[in-house]
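Here's a quick tour of a model, written for someone who likes torsions and contacts. Have the viewer open as you read.

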Amino acid sequence: MTLTDRQRPGEVAAAPRRRPRRIGSIEVLAVLLILAVVARTWLPRAVRSPRLLEWMTVFVSIVVQAMPFVVLGTVLSATITAFVPPSFFARALPRRPVLAVPVAGVAGVVLPGCECGSVPIAGALVRRGVTPAAALAFLLSAPAINPVVLASTAVAFPGEPGMVVGRLVASLATAVAMGWLWLRWGRDEWLRPPARPDLEGLSRWGAFLTACRHDATQAGGFLVVGAATAAILNVLVPPRWLDTVAGHPVGSVLALAVLAVVLTLCSEADAFVAASLTQFSLTARLAFLVVGPMVDLKLFAMQAGAFGRRFAVRFAPATVAVGVAMSVAVGALLW
Amino acid sequence: VRREAQSLVLLLVGGTLIKIAMAGTYARYVKVGLRPYLLAAGAVLALVAVASLAQALRAHLRPAAAGNAGDDRGAGQGHEAHHDHDHDDGHGHGQRGLDVAWLLLVPVLALLLVAPPPLGPSAAARSGTALTAPASSDFTPLPDGDPVRVSLVDYATRAVYDKGRSLADRRVAVSGFVLAGEGGQWYLARMVVACCAADARPVKVALAGDLPADLQPGGWFEVTGRYLGRTAKDEVNAEAVPCLRVEAVRPIATPAQPYES
């Protein structure tokens, strides 16, 4: 919150820090909270519009729903940062990146929950020396192929076991393909994770706490940006708009891929929404289930926060394209 | 200073999660089963925040100690590096140096000051009924009671997918909010949530028979009636909407758990 001289990461602060006599974050926070107490009396009466309240309900719902997963992801990523030595990953993953990508993709099975937790974990993996391609494969596959999500898909599509298989295969294929694409065409300079507090010289617990605090506020802050945007579209997209494209074989697949990005549903819940989109083909709904956990507005904001915007603007569209292609291919084989 | 502020923001977020989970308002936003996870997440955030504050306080009280000096410098360095990056990359939504951690205060204040209401009539009227086929076609017999209280989803599922066989001629009581449809048709509806309110979809039941003349759209009612072997068509997505022959209508308060699953 304070404006200090710009410095390169790694440079030791040479200039004396202007500690005294400036408006710091604590003061800003105190003023904000005092304003909030004042607003308490008139704000509830001022917010009357049903659409605005609906937006607010959806917005806080996405945030509240995601927080347990953000906290889980943060604690895991801080644990990786503070307690797991880089040599562990060097031994656990195949040395050749081409092989490390599918192994990391399959490892996504072990992270139960939805996508918000996997972003900080993938960030921690990159910082721990895991090849970015493998960390990205993990980032994409973890929310889509874990047991909780597959079970909820099975419940949502009781008469269609192919949907669970299709989701597993198409999601894993997309994650691994994106990892390999990154190996071939990705450039490390696109990845610009924001510098974090230097953990050198801290005790392990000190490093754990610092990493937790940093990851939770960063992931949480970008989650708020994504949730606010998604809630606007969630409240404004008219359902009738969908009916006009449902019959078109290509249009329906693209429409549901876009809808998955826009609606920003939790990967544990999206199968239930897909099941209710009965006017669409199974392939189109598979694309919805494959794209949603990998790219949505909330994830885009969080990925931009964790890896830099230059990364996110290239990675997200490519993932949508590969996800749609894989869904169409798997759908053609299944149905 | 930045890390103390971050810690306080986290403390607020954690405290808010615990508060809505304890007070029950969380049920307006997420499925009921998420409560223990909200409590756990809130507790972890609060603990991290308090431990972080204690660490900072210790460093403040003993500024000369070598280990803490390193700690302090480390935090400051990361701080400046972060600003630099924000500026170059422009991904920091706003002015240079704005820490996204502050954005976490927006949902916190929305929850504490406004506590937005559960999704209801206006959301339900825009979407088609979203009844899903049950996993098995074997329907368990209705529990005892006259009238027997069932969820709106249970009634609708039995009516549509069991053709009302397991409902027979039993008197059922269902609760939900009322919606006015085309041609004076009234519906009783309930939002169904799989995870959070972002995926909420309505399930509707068409009401047949005598209704109070002063019915207001959006009001919550408990409706007692019997299965009527007839289905209506949803006005939005043309899916089948079951009917209920109304015998009695009683206004109720908005339930603490407004969604069904």
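## Chain B at a glance

First, keep in mind that this is a predicted model. Chain B has six helices and six strands. Read from the N terminus, its elements go α-α-α-α-α-β-α-β-β-β-β-β.

Chain B is 261 residues long, and 51% of them count as buried. Take the contacts in chain B between residues at least 6 apart in sequence: 67% of these link residues at least 24 apart.

## Nonpolar cores

In soluble globular proteins, nonpolar side chains tend to be buried together. Here, the largest nonpolar core has 135 residues. The members that touch the most others are Phe157(A), Phe288(A) and Met302(A), along with Val30(B), Leu45(B), Leu119(B) and Met191(B).

Leaving out residues up to four places away in sequence, Leu119(B) touches Glu54(A), Thr57(A) and Val58(A) on chain A, plus Met191(B), Ala197(B), Ala200(B) and Tyr259(B) on chain B. Another core, of 26 residues, lies apart from the largest one; Val153(B), Tyr155(B), Leu188(B) and Leu207(B) are among its members.

## The α14–α15 pair in chain A

Two packed helices are described by the angle between their axes and the distance between the axes. For α14 (residues 297-307) and α15 (residues 309-334) of chain A, the angle is about 135° and the axes are 7 Å apart.

Which residues make the contact? From α14(A) come Phe300(A), Gln303(A), Ala304(A) and Phe307(A), while α15(A) supplies Arg309(A), Phe311(A), Ala312(A), Val313(A), Phe315(A) and Ala316(A). By type, the residues of this contact split into eight nonpolar, one polar and one charged.

Most residues other than glycine have a negative phi, and most peptide bonds are trans.

The peptide bond between Asp146(B) and Pro147(B) is cis, with omega at about 0°. Pro147(B) sits in the loop between α5 (121-126) and β1 (148-149) of chain B.

Then there are two positive phi values. Thr264(A), in the loop between α11 (249-263) and α12 (270-276) of chain A, has phi near 55°. Ala115(B), in the loop between α4 (105-114) and α5 of chain B, has phi near 45°. Are these residues buried or exposed? Thr264(A) has a relative accessible area of 2%, so Thr264(A) is buried. Ala115(B) is at 26% relative accessibility, so Ala115(B) counts as partly exposed.

Technical notes: Residues are numbered from 1 along each chain as its sequence is written. Chains are lettered from A and ligands numbered from 1 in the order in which they are written. This is a predicted model: local features need pLDDT of at least 70, side-chain atom pairs count only at pLDDT 80 or more; totals for chains, interfaces and linings use all residues. Side-chain values use heavy atoms; hydrogens and water are left out. Axes are lines fitted to C-alpha atoms, for helices over the stretch in contact, and angles run from 0 to 180 degrees between N-to-C directions. Helices (H or I, at least four residues) and strands (E, at least two) are DSSP runs, numbered from the N terminus. Contact means heavy atoms within 4.5 Å. Ala, Val, Leu, Ile, Met, Phe, Trp, Tyr, Cys and Pro count as nonpolar, Asp, Glu, Lys and Arg as charged, and the others, Gly among them, as polar. A nonpolar core is a set of buried Ala, Val, Leu, Ile, Met, Phe, Trp, Tyr and Cys residues joined through side-chain atoms within 4.5 Å. Buried means under 20% relative accessible area, exposed over 50%, partly exposed in between (1.4 Å probe, protein chains only).
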